[in-house]
Amino acid sequence: MNRADLADLTAFVAVADQLSFRRAASRLGVTPSALSHSMRQLEERLGMRLLNRTTRSVSVTDAGLRLLERLRPAISEIAGALEDLNQERQRPVGRLRIYAIHLAASAVIAPIWGRFLSTYPEVHLELAVGEAPIDIVAKGFDAGIGPHDRVPADMIAVRVMGPLKVVVVGAPTYFARRRPPRTPDDLARHICVEYRREADGDVLVWPFERNHKSRRISVNGRVMVNETDLAVRAAVDGLGIAYTVEALAEPFLRSGQLVRVLEDWAPSFEGLYLYYPGHRQVPATLRALIDMIRTAGGSRARRSLKNPFAQD
């Protein structure tokens, strides 16, 4: 079936419903003469008459009635599908697939996903987490979230968090036994949660900055992780001092399970971006997610260094 057949069959159903070329043409937004021409072309292609017409009246032939019986459900199904798409354009509904780096999943999506899904009960959110750059279109994702250098040149980028501030934290039970560090050099006398970039990457040397002076401190401890949220968990459990992102530690700081140290030395780094293909027709579901993330907001700290947790 070609596009002309579908248009002409739709026009045939309209004429059969109205039994009037004038009324059917008005409903379709075309002229009666154009509609009459379409019907003649359809009948010629099919090789049989579908409509009997005179200057006074229109009726459907027996062949036309048989065709109409088969057409009505199909036309109704197509109209319903188009209406469903129109509804999706106006309200968030359906599956939304997001690919995010670990930090973005924990700091951007996890804090709002409960509110997002309760606000939009017809949405199914799928969150895939990974550090490797991928072609999100080829993999079937609606959007990705990561640092700006991860954004392909032909995609739209929306800042959803940042710049991100670093925090150095420990549990009150840990500091009950040890004096909190006052300078980065004091960390040499503390147990720290070490961080390795990727499973086989470099061990992070903790960068600090104050009054335009920078320091890099190698730390030691009994636990090493390669996930920033696990570093927070280790600190909550009293296993040492952790160097992490404020957005991840904030719930535990608010509850009193963690306390900050070296706050005046804490730097910040470039924030995170949500990126997606296309300049127009952003799906309502993705638009709703972007709006909710941006409303929730992020750290407004000044950027001062490259993301220390990212693999070079």
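Colleague: Leaving aside its neighbours within four places in sequence, which residues is Leu-274 in contact with?

Modeller: This is a predicted model, and the contacts are read from its coordinates. Beyond its sequence neighbours within four places, Leu-274 is in contact with Ala-143, Gly-144, Ile-145, Ile-156, Ala-157, Val-158, Val-160, Leu-286, Leu-289, Ile-290 and Ile-293.

Colleague: Which residues touch the most other members of the largest nonpolar core?

Modeller: The general idea is that nonpolar side chains tend to be buried together in soluble globular proteins. Here, the largest nonpolar core comprises 64 residues, and Ile-145, Trp-206 and Leu-274 touch the most other members. Another core, of 20 residues, lies apart from it; Leu-51, Val-58, Leu-71 and Ile-75 are among its members.

Colleague: Where in the chain do Tyr-99 and Phe-141 lie, and are they buried or exposed?

Modeller: Tyr-99 belongs to strand E3 (residues 94–100), whereas Phe-141 is in the loop between strand E4 (123–129) and strand E5 (143–146). The pair thus links distant parts of the chain, 42 residues apart. Both Tyr-99 and Phe-141 are buried.

Colleague: Which residue lies over the face of Phe-141?

Modeller: Arg-97 does, at 4.1 Å from the ring centre. Arg-97 is found in strand E3, and a polar atom of its side chain lies 3.0 Å from the backbone oxygen of Gly-140. Leaving aside neighbours within four places in sequence, the residues in contact with Arg-97 are Glu-126, Lys-139, Gly-140, Phe-141, Asp-142 and Ala-143.

Colleague: Which side chains are joined to that of Arg-95 by a polar contact?

Modeller: Arg-95 also lies in strand E3. Its side chain is joined to that of His-124 by a polar contact of 3.1 Å, and to that of Glu-126 by one of 3.5 Å. With neighbours within four places in sequence set aside, Arg-95 is in contact with His-124, Glu-126 and Asp-142.

Colleague: How far apart are Arg-95 and Thr-285 in sequence and in space?

Modeller: Arg-95 and Thr-285 are 190 residues apart in sequence, while their C-alpha atoms are 8.3 Å apart in space.

Key
Residues are numbered from 1 along each chain as its sequence is written. This is a predicted model: local features need pLDDT of at least 70, side-chain atom pairs count only at pLDDT 80 or more; totals for chains, interfaces and linings use all residues. Side-chain values use heavy atoms; hydrogens and water are left out. A nonpolar core is a set of buried Ala, Val, Leu, Ile, Met, Phe, Trp, Tyr and Cys residues joined through side-chain atoms within 4.5 Å. Buried means under 20% relative accessible area, exposed over 50%, partly exposed in between (1.4 Å probe, protein chains only). Contact means heavy atoms within 4.5 Å. Helices (H or I, at least four residues) and strands (E, at least two) are DSSP runs, numbered from the N terminus. A charge sits over a ring if NZ of Lys or CZ of Arg is within 6 Å of the ring centre and within 35 degrees of the ring normal. A polar contact is a pair of N or O atoms within 3.5 Å; within protein, one must be able to donate a hydrogen and the other to accept it, and residues adjacent in sequence count only if both atoms are side-chain atoms.
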